[in-house]
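Subject: Structure handover

Dear colleague,

Please find the structure below for your review. My notes on its aromatic pairs, nonpolar core and cavities follow.

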Amino acid sequence: MTVTQAVPPARRAGREHQHNRWAILVLLCVSLLLITVDATVLHIAVPALTAALEPSAVQLLWIIDVYSLIVAPLLIVFGTLGDRYGRKRLVIAGFVLFGLASAGAAFAATPLTLVAARALLGVGGAMIMPATLSLIRQVFTDRRERAIALGVWSAVAAAGAAVGPLIGGLLVGLWWGAVFLINVPILLVLLPAALRMLPEYRDPEPRPWDVTSAALSVLGILALAFGLKEAGSGSLMPFPAAAAVFLTGVALLVWFARRQTRLETPLLDVSLFRRRDFTTGVLGVLLGVFALVGLQLMLAQYLQLVLGDSPVRAAFRMLPLVLSAITGGLVAAHLLPRLGMRATMSGGLALVAFSLTPTLTLGVEGHPVMLACCFVGIGFGVQVALLAASDTIMSAAPASHAGGAAAVEGTAYELGAGLGVAVLGTITTIAYAPGLPDVRGVPSAGMDQARQSLAGAAHVAEEVGGNAGGALLHAARWAFVNALHTTVFVSVVLLSVTAVAVAMLLRRD
């Protein structure tokens, strides 16, 4: 037997790609950035998108967060499929699907078409994301270099959601579809590079793939989100039916969890959740991203539709959040060893709650300095909490379960993004619609559309014009501000309770 034959396939593939491993890292990080940015890139595009497609409030929420809600349950599924059928093959297929779905989303003519395209984007993203981490572990065989590569990967993953609104604000000034179409030329460059550079790896003894578990996780999360949205708006079904859908989603997820305990090789190792530190870390990731992504959407609409900022100006007004999030990730690496995981995570969540509190005084007039300070505190606090939560998760899991722990963390990240939009968006919708009274001169059909969302009200006001249009827009802005206060209050309470729970549940370092 030759030496080459005796070397395991993963190690042999890593050696063959040592000379261009850093180029491979760049390729994988650009791929990851596309996926993470897409979770929030639409936040500043909401007014332009609403004017073009006129979606209802529920359709708008689905357009924004169906992507994250699809990615979340599929990460673990495609991580397993990559080991079975080949990681490179899965990345290539994901590139193709992501590119086609991006083009379909850019030229979508109806809200439902855009929802379907965003769902396909989620499938493509879920095919790519787990393989990027696995390929880094495969290509970087030196432990020191691997630590650097994984640090870069983590920084890109964390920064993507924060950068999304900035990119969306710059592109939507050209055309709302540009936020999707920009993916296509990037993928046309990445695809041939991936075909040429990426190593292939396939597990010689792959784990069984349980189709039932995959279906339960996806259907359970989507049913839960759909029931939640409909319970808040009732646009497609009455409240009892929406509650039934929500409870069905909960039941499917309970079935999924119980099934994992009976399988010899489960998709998700639920035994990890018996470790208190692990569960607390997952809760920290979920709540941190929940607050960041959900509030980004609400505040981006406030800047444009209440204060009247252009998409580009709104994007730059949110730049302090992006920069502070990046700074928070860097500073947290130094804070963790000194303060410990408990103080760092609970302190980060408490800082977000504290930074949000001044926004309860916002009205229809601008407070640029106060708002910038709030953005700095939110971005910094979320990123500090996320890094501490990530460290808690990986420290609590034994080395033999590191892959499963990483998959759970990624799922919590995407699920937090999806639920942040679903829950906070639904709360805003529930509070906004009753707060908008009838306006003289605006027909009832126009008022119905205006009560769907602030973006819808702005569109109706433009069509009506004159004094009636101005009065509608003024009333809608105040209704949205009052709804935003309700949403922020709920967020502050939730974050504060979580910060206290983390401080009580995590062991002293």
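F278 is buried, with a relative accessible area of 0%; here buried means under 20% relative accessible area, exposed over 50%, and partly exposed in between, with a 1.4 Å probe and protein chains only. The model is a predicted one, in which local features need pLDDT of at least 70 and side-chain atom pairs count only at pLDDT 80 or more, whereas totals for chains, interfaces and linings use all residues. Residues are numbered from 1 along each chain as its sequence is written, and side-chain values use heavy atoms, with hydrogens and water left out.

Aromatic pairs

Rings of Phe, Tyr and Trp (its six-membered ring) are paired if their centres lie within 6.5 Å; planes under 30 degrees apart count as stacked, over 60 as edge-to-face and the rest as tilted. This rule gives 5 aromatic pairs. In one of them, W176 and F180 have ring centres 6.5 Å apart and planes at 85 degrees, so the pair is edge-to-face. W176 is buried at 9% relative accessible area, and F180 is buried at 0%. F273 and F278 are also edge-to-face, because their planes stand at 85 degrees, with ring centres 5.3 Å apart. F273 is partly exposed, at 32%. Ring pairs also join F107, W175, W176 and F180 in a cluster.

Nonpolar core

A nonpolar core is a set of buried Ala, Val, Leu, Ile, Met, Phe, Trp, Tyr and Cys residues joined through side-chain atoms within 4.5 Å. The largest has 164 residues, and those with the most contacts inside it include F180, F278 and L436. Helix α5 (residues 57-85) gives the most to this core, with 18 residues; helices (H or I, at least four residues) are DSSP runs numbered from the N terminus. Beyond its neighbours within four places in sequence, L436 is in contact (heavy atoms within 4.5 Å) with residues including M447, R451, L472 and A479.

Cavities

A cavity is a set of points on a 1 Å grid over the protein atoms alone where a 1.4 Å probe fits but cannot get out, and lining residues have an atom within 4 Å of a point. Of its 15 lining residues, the closest to the centre are Q301, G425, T428, T429 and S453. Elements giving two or more residues to this lining are α5, α13 (276-306) and α18 (402-432).

Yours sincerely

Note on methods
1 Å grid on protein atoms, 1.4 Å probe; cavity = no way out; pocket = protein on both sides within 12 Å on 5 of 7 lines; lining within 4 Å.
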